[in-house]
Amino acid sequence: MSKVSAIILRFILLVAGESMKFIVRLHAEITIKSKSVRQRHLKVLTGNIRTLLKPLHASMRVRNHWDRIEVHHDDEPQLTAATIRHLGQIPGIAYFEQVVEHPLTDFAELLEWILPLQTQRLQGKTFAVRVKRKGRHEFSSMDMAVYLGGGIRARVADTKVQLKNPQEELVIHVIEDQVSLVQQRFPGLGGFPLPTQETVLSLMSGGFDSAVASFQMIRRGARTHFCFFNLGADAHEVAVREIAYFLWEKYSKTHAVKFVTVDFSEVVAQILEAGDQGTLGVLLKRAMMRAAGQVAQRLNAQAIVTGEAVGQVSSQTLSNLQLIDQSTDALILRPLIVQDKQMIVDCARAIGVEALSAAVPEYCGVISKQPSVKVRPEVIAATEQTVLPDALIADAVAQCRVIDIRDAHSAQQDTLGPPVVRSSETLPSDAVIVDVRRDEEQEASPLEVPGHKVLHIPFFRLASKQDMLDKSKAYFLYCDQGVMSRLQAVQLQEQGFDRVAIYERP
């Protein structure tokens, strides 16, 4: 590039104002696909990124290239933080890099640009310069790396070039006439963009297993609807609905899905009335699969997803799983089939649902005292024919409630849950704010509500502390995402607290 061209380009960047740039890299499995499939994945991923980021600010620009997606926006700290958060939660992204840019000029000028940006980070450390080029240039990647590495070593105290296992890496992308210096790299979710795979229906109990299984399918690019079988506890449904909403809002908000509730209380009653003790669990699972197959067909879902793992409970032995599979023609997927419980809990913690699932009210409509690890098919067949006829299952499905997941969190739509009061609204004079966050969350961002008392009672201690609360007062529960506060508020209502609501701050 000539000096005149470089001056013109820098002038254009100056006029346009300071901007922040991210380079988004595709998941490796996308890059090895055929040209047409890769183009489709790239187009879908670009659209998903644009859908989530465009509403954040008018300056947001998203552009796709064959090997990357570039995101630009005005350099504002809050906007940058929001962009990083969103990009880290979009399926299909291997990793993304926050970069600063400079026109491609001579090596000496580039060194002068890099030094003030990197001196503090590199001082006293071993380092390596990695240059990646795209386009036609009169120099090689090694030429630039050697010059910049030598210049940094000479100008920054106590540094040493070390190509193998250095303490710091200086990554530079040269694309045509533009140089990008990587400031920080962030991990992505990997997987495939939504919805490049077919639609599935995930059976949700609210526990770790079903939540993680649902996430795994979302990450794999499958539009994931949620189905809950209500065995007779409305508080359980509220909790599961909130967890489903959390997963959708965080990882698949680009596409609306459904939350389906099937009232299975009559089915449970029939199983308990006539079922053999050893077969209760398998009978219930088979009934759920029969109903789920009909719901999946109604939603045009190609498969049913469960959180089952081999040997975790008696109904999940290979023999019993095979018997359960035979209850429906629908394809049943089990993403967690070979994972142990600790692996599942670790994943739940990583994706943000561990605390939510741990707080789900315990409810099991069918508890067998002597479960069989190998139920006999002829026993199941005889029981189902008399106790669980097709008409009973079909009637339960016909009366199921189907709501848009976007309404699952709405107080106006959710008659089971407490109302939501925002910080801009007037609170009753006797209102007490209960902050149910963990200690470290409360310390990082203390909650203050002028004119009102704020109690800090972590959610896992609230049940043991509720006897100390005056039931005549109004309690407004708060947490950062509004999920844990809602679960705890429902449980307070069940304990006789009539004036309970959710508090939200900006």
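## Architecture and local features of the predicted model

Of the 506 residues in the protein chain, 51% are buried. The model described here is a predicted one. Its protein chain contains 18 helices and 19 strands. Among contacts in the chain with a separation of 6 or more, 78% are between residues 24 or more positions apart.

The largest nonpolar core consists of 57 residues. Within this core, the residues with the most contacts are F226, L247, I405, L477 and M484. Helix α8 (residues 234–251) contributes nine residues, the largest share of this core. The surroundings of L477 were examined with neighbours within four places in sequence left aside. On that basis L477 is in contact with V434, V436, L462, S485, Q488, A489, L492, V500, A501, I502 and Y503.

The peptide bond from L194 to P195 is cis, with omega near -10°. T196 has a relative accessibility of 9% and therefore counts as buried, the limit being under 20%. A polar atom of the T196 side chain lies 2.6 Å from the backbone oxygen of P193. When neighbours within four places in sequence are left aside, T196 is in contact with R40, H41, V44 and G221.

S202 is found in strand β9 itself. S202 also counts as buried, because its relative accessibility is 1%. The side chains of S202 and S214 are joined by a polar contact of 2.6 Å. Not counting residues up to four places away in sequence, S202 touches S210, S214, T224, H225, F226, C227 and V305. F226 in this list is also one of the residues with the most contacts inside the largest nonpolar core. S202 and I304 are 102 residues apart along the chain, yet their C-alpha atoms are separated by 5.9 Å.

Helix α12 (residues 341–351) has as its buried residues I344, V345, C347, A348 and I351. These residues lie on the same side of α12, because they cover an arc of only 160° around the axis. At the start of the helix, a side-chain oxygen of D340 comes to within 3.2 Å of the backbone nitrogen of Q342. Just after α12, G352 adopts a positive phi of about 95°.

Positive phi values also occur in residues other than glycine. D158, with phi near 60°, is one of these. D158 is found in the loop between α6 (141–155) and β6 (160–161), and its relative accessibility of 67% means that it counts as exposed. N165 has a positive phi of about 50° although it is not a glycine. N165 is found in the loop between β6 and β7 (168–175), and with a relative accessible area of 63% N165 is exposed.

Side chains of opposite charge can pair when their charged atoms come close. In the model, the count comes to 27 salt bridges. E70 forms one of them with R68, with the closest N and O atoms 2.8 Å apart. Both partners of this pair are buried: E70 has a relative accessible area of 8%, and R68 has one of 4%. Salt bridges that share partners join K21, R25, D67, R68, E70, E101 and K134 into one network.

A further salt bridge is formed by the side chains of E169 and R130, at 3.1 Å from N to O. E169 lies in strand β7 and R130 in strand β5 (residues 126–134), so this pair ties together parts that are 39 residues apart in sequence. E169 is partly exposed, at 39% relative accessibility, and R130 is partly exposed, with a relative accessible area of 26%. In the salt bridge between R376 and E378, the closest N and O atoms are 3.6 Å apart. R376 counts as exposed, at 51% relative accessibility.

Terms used
Residues are numbered from 1 along each chain as its sequence is written. This is a predicted model: local features need pLDDT of at least 70, side-chain atom pairs count only at pLDDT 80 or more; totals for chains, interfaces and linings use all residues. Side-chain values use heavy atoms; hydrogens and water are left out. Helices (H or I, at least four residues) and strands (E, at least two) are DSSP runs, numbered from the N terminus. Buried means under 20% relative accessible area, exposed over 50%, partly exposed in between (1.4 Å probe, protein chains only). Contact means heavy atoms within 4.5 Å. A polar contact is a pair of N or O atoms within 3.5 Å; within protein, one must be able to donate a hydrogen and the other to accept it, and residues adjacent in sequence count only if both atoms are side-chain atoms. A nonpolar core is a set of buried Ala, Val, Leu, Ile, Met, Phe, Trp, Tyr and Cys residues joined through side-chain atoms within 4.5 Å. The arc is that of the directions from the helix axis to the C-beta atoms. A salt bridge is a side-chain nitrogen of Lys or Arg within 4 Å of a carboxyl oxygen of Asp or Glu.
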